[in-house]
Structure formats: structure tokens, C-alpha cells
Amino acid sequence: MSKINQIQKAIIELEGGAFQKLFDDYLIRKYNYNNFHPLGVQEGTNKTTKGIPDSYAITEDGQYILIMYGSVKKDAYNKLKKDILSCYNEAISVIDKSRIHKIIAGHISTNITIEQSEKLKNLISDVDVKLIGLDQLSHDLYANYPFVIKDHLNINIDTNQIFSIEQFIKTHDFSQTNAPLNMDFFYRETEIKKLEIMIKSPKVTIVTGNPGVGKTRLVLETCKKFENNGWSILCIRSNG
């Protein structure tokens, strides 16, 4: 079985709450949503809750991105249509239409025709409707987010040596023999500024020092600043 088929099969088999958590994680990473609010899953469980939308994000200028998920394959078009309209109607009952930036509908159907796709995208005038189906989701996860696949589907895409900053910290801190990285960071502003200048230069930057002085933490904090400015940051760990 190919990895894509394996990923798709695993996604289809997820229960509703687990499917929503996978999609939430994917959207947050893909679009760098900072103000994100999942509503459709009970905290600490994979049980879904009633409510519309399933999740939403707020942009820096105060607009809303409304998100609905559908893990039903049968009659997917009508289910998506119902979800999009209910999401919109619920939203405009409490906020002005002009504040709806986008509606995202995530689904697992592979049988939405071009005609149906166009109808759904143009379902609401002056509102951008984006459809993300199983094919797009699985291929994007495979190409760009292997750590999401590992976390949510327990499928290994690679040797688990290349991580995002967040995933690197999580993996590092999982070992009880390592000094934790997930903690507040203070009093290194001067070093961070120097390191930023060096990284921007055309030369390779190597940070050295005695064990335990905070080299890794300093580099990660500096790289977070670059990531916030649109850089793609990868952390590489040796597996021996």
C-alpha cells in the first residue's frame, strides 16, 4: 500500500473528534493562525460537541475565518452545502457579514465534481468559500507535515529526524534525561540580537559552548523570530 493510500485510509477511519483535531492542527500550521478556537470537540477527548462552526480563527484585523468539518462520504455535496449555509447563517446572527473573511469546509469525499465544487464555492455572494478534501489534505500532509501524520495517524513518513520548532521541543522534552526546552526564556536579548545578525549573513552560523549553558534554547528562540517573519525553520536531530 502506498503512503498516500495509507494516510487516506487512516483519515477515513478517524472518529469525528479525532478528524477535527487533525484538521485543526493542519490548518493552524498551514496558515499560521494565531488566534484559533476549536469548538467542535470536548476538551481532552475525541468526542464531538454540538455547535456551529466547528472551529474559527480571527485575523489580525478582526475578521473571522469560519471552519466546518464533514467526515461523511455519503451524499457529500448536500452535506457540505448544508454545513456552509448553516455556518454562514449562524455567524451573521451575531456578527456583521462584512467581518466574515472566509469559510473553510474540510471533508473526506473524493467525488465532488467540478460543477458541484463551483456551486459550493459560489454558494454565498461576496464570501470566499474554500473546500479542502481528502486528496488535497493527504498529499499536503505527506509533502509538508509528516510530524502531523505521526501525531494523529501514527504513520511514519520518514526517519523522524526533521522537525518544526514546536515538534522538536515536544520530542526533546519527551525524554526525561534532557533539560526541558518548553519554558519561559529571559535575559538573553543581547545574544539573540547578535545571533540574528549572524544568521542573516551569507555564512553558516555555528553556536558552541559547554553543555548546559543554553545553546539549543538560545538558537530556538532566535529561530522563532525568523519563523514569525515568514522563514521556514527545520530542526534536525541525530538518530545515531
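1. β1 pairs with strand β2 (residues 55-58) in the antiparallel sense, over three bridges. Pairing here requires at least two bridges found by DSSP between two strands. Strands are DSSP runs of E, at least two residues; helices are runs of H or I, at least four; both are numbered from the N terminus. Within this pair, His37 stands opposite Tyr56 in β2.

2. The model is predicted: local features need pLDDT of at least 70, side-chain atom pairs count only at pLDDT 80 or more, and totals for chains, interfaces and linings use all residues. Residues are numbered from 1 along each chain as its sequence is written, and side-chain values use heavy atoms, leaving out hydrogens and water.

3. The open sheet has five strands, in the order β1-β2-β3-β4-β5, with mixed pairing. β1 (36-38) and β5 (128-132) are at the edges; each has a single partner strand, so one side of each lacks a neighbour in the sheet. From one strand to the next, the twist averages 15°.

4. Helix α2 (residues 16-31) packs against helix α6 (residues 146-153) at about 160°, axes 10 Å apart. α2 is therefore roughly antiparallel to α6, a term for angles over 145 degrees. Axes are lines fitted to C-alpha atoms, for helices over the stretch in contact; angles run from 0 to 180 degrees between N-to-C directions.

5. Which residues meet between α2 and α6? Lys21, Leu22, Asp25 and Arg29 in α2 meet Phe147, Val148 and His152 in α6. Contact means heavy atoms within 4.5 Å. By class, the contact has three nonpolar, one polar and three charged residues. Nonpolar covers Ala, Val, Leu, Ile, Met, Phe, Trp, Tyr, Cys and Pro; charged covers Asp, Glu, Lys and Arg; the others, Gly among them, are polar.

Key
Parallel < 35°, antiparallel > 145°, perpendicular 65-115°, else oblique.
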